[in-house]
Amino acid sequence: MIKGSFYILLFYFLGEMVSLLIQGFIPGSVIGMILLFLCLFFKIINPENVRVVATVITKNMAVFFVPAGVGLMVYVELFSKSIATIIAAIAISTVLTIITVSLIQESFERHHTKKEPDHE
Amino acid sequence: MNKFMENIRPFINNEVFLLMFVMGTFLLGVFIYKKTKITLLQPLLISMLIIIPFLKLTGINYQAFYQQTRILNFMLGPSVVALGYVLYEQIEQIHGNVTSILTAVFVGSLVGIFSVVLIGRIMGADHILIASLAPKSVTTPIAISLSEKSGGVPALTAAFVVICGIFGGLVGPIILRSIGIKSKIAKGLAMGSSAHALGTARAMEMGAVEGAISGLAIGIMGIMTALLIPFAERLF
């Protein structure tokens with residue numbers, strides 16, 4: 001538990017450092033995720049060290065959004081004037097993104113398995 | 001009534017009560033969601049819909065609430081880092097799919113940005129609003145810096161990112177089911193690239209593969225969007 005927390009925070013910290021170097025172009029948490037992945041992949045750290053903590057916190061991510069979600073109450077007045085535009089833009093664009101991404105990936109996979117039926 | 005609120009406020013405006021309250025409302029949300037199986041009744045949404053009126057009623061302002069519960073917000077960072085482990089566990093899944101993953105997310109980012117610009121233009125939104133909306137699909141830290149650089153309002157963007165995440169997390173699984181997507185990679189990729197960490201939270205519910213790929217998609221989408229926005233900016 002303590003070992004796992006230490007490793008997660010260590011990689012978060014390293015990610016933040018790299019993020020500072022590239023002027024925040026990519027957030028520290030995302031860089032930390034990539035670094036942790038690379039260190040596990042190249043067997044620099046033992047997966048057992050982070051398994052429990054990583055599994056627990058990723059299984060319950062949604063609860064961490066409550067403070068940010070409640071923050072919407074502050075902004076409601078700020079964008080009440082353009083509410084229709086905002087809702088239309090977010091809704092339509094999000095639906096289009098979901099459809100585009102999933103269809104492209106799925107068609108790639110189908111194509112792949114058709115061409116090489118005995119692959120894997 | 002007001003006098004009563006004044007008297008009880010010290011007991012509820014503190015870390016212990018508010019954190020317990022967040023967990024309690026979320027737990028209630030999980031219970032309702034599991035009982036009803038209605039996708040719209042997400043625990044996060046239920047929790048928010050109880051907490052917001054509660055804060056209004058008791059006169060606790062958002063800054064105070066945020067201060068007392070900021071440990072939860074802090075945990076967003078470590079949970080994204082921890083996705084690196086989930087990704088490692090699922091690595092065989094990605095094998096042979098690198099090109100398709102990059103292509104899908106790149107086109108998805110393109111579609112996401114340009115549809116916002118188009119809809120914004122049609123509905124008469126100004127440059128500031130469009131610039132604030134454009135990076136809505138990426139994780140908050142990236143979105144905020146992109147919004148700022150392209151002339152948007154970071155605070156508005158932060159709110160749009162949350163709205164987009166809630167919406168994407170809500171409708172994502174429904175859309176994927178209705179268009180008949182079978183591939184776990186496609187599902188995870190769509191959730192993470194459209195609704196960042198909130199989409200990933202939902203993807204984790206679908207399965208470990210979907211969750212891991214979704215976590216990966218957050219990073220790729222962030223990078224692609226950061227690269228595309230400077231080009232799209234002149235259209236805002």
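**Figure 1. Where chain B meets chain A.** In this predicted model, the contact draws 91 residues from chain B and 67 residues from chain A. On the chain B side, helix 11 (residues 154-178) gives the most, putting in 14 residues. Sort the chain B residues that touch chain A by class and you get 62 nonpolar, 25 polar and four charged.

**Figure 2. Zooming in on A:Val66.** Pick this valine and look at what sits around it on the other chain: A:Val66 touches B:Val22, B:Phe26 and B:Leu44, plus B:Ser47, B:Met48 and B:Leu72. That list leaves out residues up to four places away in sequence. A:Val66 also turns up in the next view, as one of the residues with the most contacts inside the largest nonpolar core.

**Figure 3. The largest nonpolar core.** This core has 102 residues. Those with the most contacts inside it are A:Ile8, A:Leu36 and A:Val66 from chain A, along with B:Val105, B:Ile130 and B:Leu189 from chain B. Helix 12 (residues 184-206) of chain B supplies the largest share of the core, at 11 residues.

**Figure 4. Two domains in chain B.** Chain B splits into domain 1, covering 2-74, and domain 2, covering 80-235. Their C-alpha centres lie 27 Å apart. As for how they touch, five residues of domain 1 of chain B are in contact with five residues of domain 2 of chain B. The domain 1 side of that meeting point has three nonpolar and two polar residues, with no charged ones.

**Figure 5. Chain B on its own, helix by helix.** Trace chain B and you'll count 13 helices and zero strands. Starting at the N terminus, the run of elements is α-α-α-α-α-α-α-α-α-α-α-α-α.

**Figure 6. How chain B packs.** Along the principal axes, the C-alpha atoms of chain B fill a box of roughly 60 × 40 × 30 Å. Take the contacts in chain B between residues at least 6 apart in sequence, and 62% of them join residues at least 24 apart.

How values were computed: Residues numbered from 1 in each chain as written. Chains lettered and ligands numbered in written order. Predicted model: local features only at pLDDT ≥ 70, side-chain atom pairs only at ≥ 80, totals over all residues. Helix = DSSP H or I, 4+ residues; strand = E, 2+ residues; numbered from the N terminus. Contact = placed C-beta atoms within 7 Å. Nonpolar A, V, L, I, M, F, W, Y, C, P; charged D, E, K, R; others polar. Domains from an automatic or database assignment. Core = buried A, V, L, I, M, F, W, Y, C linked by C-beta atoms within 7 Å. Buried ≥ 20, exposed ≤ 12 C-beta atoms within 10 Å, placed from the backbone.
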